[in-house]
There are 2 protein chains.
Amino acid sequence: MENTTRTELSSMGEFGLINHLVQYFIPKVDSTIKDAGDDAAIVSPPLGEHLVLTTDLLVEGVHFDLMYTPLKHLGYKAVIVNLSDVCAMNAKPTQFTVSLAVSSKYSVEALEELYSGMLAACETYGVDLVGGDTTTIANGCAISITAIGFNKPEKLSLRSGAKPNDLLVVTGDLGGAYLGLQILEREKEVFLAAPGVQPLLEGYDYVIARQLKPEARLDVVQLLEQLEVKPTAMIDISDGLSSEIIHLAENSNCSFRVFEDKIPVSPEVQSCAKELNMDPTTCALNGGEDYELLFTISMDDYEKIKGNPNFSVIGHATPVGEKNILETKGGGVVELKAQGWKI
Amino acid sequence: MENTTRTELSSMGEFGLINHLVQYFIPKVDSTIKDAGDDAAIVSPPLGEHLVLTTDLLVEGVHFDLMYTPLKHLGYKAVIVNLSDVCAMNAKPTQFTVSLAVSSKYSVEALEELYSGMLAACETYGVDLVGGDTTTIANGCAISITAIGFNKPEKLSLRSGAKPNDLLVVTGDLGGAYLGLQILEREKEVFLAAPGVQPLLEGYDYVIARQLKPEARLDVVQLLEQLEVKPTAMIDISDGLSSEIIHLAENSNCSFRVFEDKIPVSPEVQSCAKELNMDPTTCALNGGEDYELLFTISMDDYEKIKGNPNFSVIGHATPVGEKNILETKGGGVVELKAQGWKI
């Protein structure tokens, strides 16, 4: 870090620290009536809209490694993973809270970096930080974020609405976040073996950015509204395409048939996978953390999304009782299995 | 614990564990449209009401000590401290989420105990668990809960509405939770010095219950509604009466004069404080964790609350610029200082 001053957390009381960290967060969302600083925040729900509410907990050593995760990126990503869950309901995120437990190894300046990433997320997504809590912990760091958002009841998409013959659509491209993690882990090992060696990250910008600075597809929620397409079911891709397809299948009481050659993989992912002797399809299916949206639409809506570069139709829903199938490029079929993260 | 089976967390996948833990939580609140199991919960805000949103993080070794905190009580208290914050806005709690980070020293049975306490809180307060997250952590345990609630905009009470001459009112009695903690800490020291010795907890039931099983004063929110009293400002007592009075003063831009002989202290607190050579008033002022409500009302509302055993009028607001004063039983005056918990 450029900032070399180190201010100990213990030099500030709890309230002083919170006030210091949130001083640059100015509420901008119309529905924010009262932000941090009282017993609770107050939000005015848009008339006739439902609230969606989601929470995610990130733990150092489990979900992130500070050896290669800049704190600003960590703060940004911690917010994004929650906004992505709100978007996956086809709702628009509006406010969030942050609870933070940090050990004394963190300085005030380190937390400023972390919060600067959260502030960047507020500005990019037009959401407000409206409360939280800061406390000590013996070791490491845990970040708990809860995000809320709103939309009209009839616009919200659950995981459970897919019907046989619905088309399965994914946004963006997949596998990048996983490959970014592999590159970062590789360079960490090199560094640990020979601490003088500079990490070799050049040429991997895309996949590293996918890992360290993911985005929530709020643009897709807005685009679907413009196109007047309501997904029959939707989920975000945090654990890998394969695992998320199985979630949709189980919740919707149907199955899916997916075509390998339709799964969107970027040229950067292709070349990085090749270099690491990995199969790009496996990275897309099992990698996770791409935070793209996976959804189903009625066949009647196909014309509305056809040709839009944000969307790839990768398969369709089949009746319950069939297996979830991947039809490979070679024409074979394999059953999709969940390979996502386990506790 | 009676249950001597030990099932390792690693024997269940993340989704299996969550599903197992939440299986007995059946949503009962009208506004709960979709509980856990999707990307986010869905809540239907009552027409014309505002949402309040609060979050609290409890960390093992900082906020609780498992040597004397039964896991069921911990689960109950973790929910209560959040419901108390909702009540402190003069709102009615409706839903909450739980994020849990636990080390491998916790068994599935231990988490079942923890969740059984949360379920008890759901039943007592008529609230729904609507989501969450479970993950591993290297050491200890962190519990992050976010609670929401609703009320009409004109009914909500901030910390900032007190005016000079408003009466300062507190619910219940104070100092018990702090003394309960002292007794538990004392018996822990005895146990650590001589592990065979049984802890001496008899006769301390009231103060120990105040520490281990606090309640949120939802009954007071309902009572105030019946009495048609809207607090001009309100806060809950988590850090001690003195600290909370200062919060009200700072946020309302006024000061307070408090009378020691009006501060409600139970006979159990009196006798326990005496035994421990402590001043009961100091326990009430600086102890914290009583989760009673502290609020101000217009003098015009005095007749409505007079004589109600739930309320003690302990002082009144004075103009800004004056000191926050405690008038002692002996007739002296001392300035109130915040002695609450610091990070």
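Helices (H or I, at least four residues) and strands (E, at least two) are DSSP runs here, numbered from the N terminus. The model is a predicted one, so local features need pLDDT of at least 70 and side-chain atom pairs count only at pLDDT 80 or more, while totals for chains, interfaces and linings use all residues. Residues are numbered from 1 along each chain as its sequence is written, and chains are lettered from A and ligands numbered from 1 in the order in which they are written.

With that naming in place, N90(B) sits in the loop between α2 and β4 (92-102) of chain B. Its phi is near 65 degrees, which is a positive value in a residue other than glycine. N90(B) counts as buried because it has 25 C-beta neighbours inside 10 Å; the cut-offs are 20 or more other C-beta atoms within 10 Å for buried, 12 or fewer for exposed, and anything in between for partly exposed, with C-beta atoms placed from the backbone. N253(A) belongs to the loop between α7 (241-252) and β9 (255-259) of chain A, and its 13 C-beta neighbours inside 10 Å make it partly exposed.

On to chain A as a whole. Chain A has 10 helices and 13 strands. Its radius of gyration is 21 Å, close to the 20 Å that the globule rule gives for 343 residues, so chain A is as compact as a globular protein of that length. For the record, the radius is taken over C-alpha atoms, and the rule is 2.2 Å times the number of residues to the power 0.38. The C-alpha trace of chain A spans about 65 × 60 × 30 Å along its principal axes. Buried residues account for 55% of the 343 residues in chain A. As for contacts (C-beta atoms, placed from the backbone, within 7 Å), take those in chain A between residues at least 6 apart in sequence: 86% of them join residues at least 24 apart.

S157(A) gives a local view of chain A. S157(A) lies in the loop between β6 (141-151) and β7 (167-171) of chain A and is buried, with 27 other C-beta atoms within 10 Å. Not counting residues up to four places away in sequence, S157(A) touches M89(A), N90(A), K230(A), P231(A), A233(A), M234(A) and F295(A).

Between the chains, 55 residues of chain B are in contact with 55 residues of chain A. On the chain B side, strand β3 (residues 50-59) gives the most, with nine residues. That side of chain B divides into 28 nonpolar, 17 polar and 10 charged residues, where Ala, Val, Leu, Ile, Met, Phe, Trp, Tyr, Cys and Pro count as nonpolar, Asp, Glu, Lys and Arg as charged, and the others, Gly among them, as polar.

Inside chain B, two helix pairs are worth a look. Helix α2 (residues 71-87) and helix α3 (residues 108-125) of chain B pack at an angle of about 45 degrees, with their axes 6 Å apart; axes are lines fitted to C-alpha atoms, for helices over the stretch in contact, and angles run from 0 to 180 degrees between N-to-C directions. The pair α2(B) and α3(B) is therefore oblique, given that angles under 35 degrees count as roughly parallel, over 145 as roughly antiparallel, 65 to 115 as roughly perpendicular and the rest as oblique. Residues of α2(B) in this contact include L71(B), Y76(B) and L83(B), and those of α3(B) include A110(B), M118(B) and Y125(B). By class, the α2(B)–α3(B) contact has 13 nonpolar, four polar and two charged residues.

The other pair is α4(B) and α5(B), packed at about 100 degrees with axes 7 Å apart, and therefore roughly perpendicular to each other. Their contact holds nine nonpolar, three polar and one charged residues. In helix α5 (residues 205-212) of chain B, the buried residues are V207(B), I208(B), R210(B), Q211(B) and L212(B). Their cover includes α2, α4 (176-193) and α8 (267-275) of chain B.

Lastly, T318(B) is placed in strand β11 (residues 311-319) of chain B and counts as partly exposed, with 18 C-beta neighbours inside 10 Å. Leaving aside neighbours within four places in sequence, T318(B) is in contact with P164(B), C254(B), S255(B), F256(B) and R257(B).

Key. Contact = placed C-beta atoms within 7 Å.
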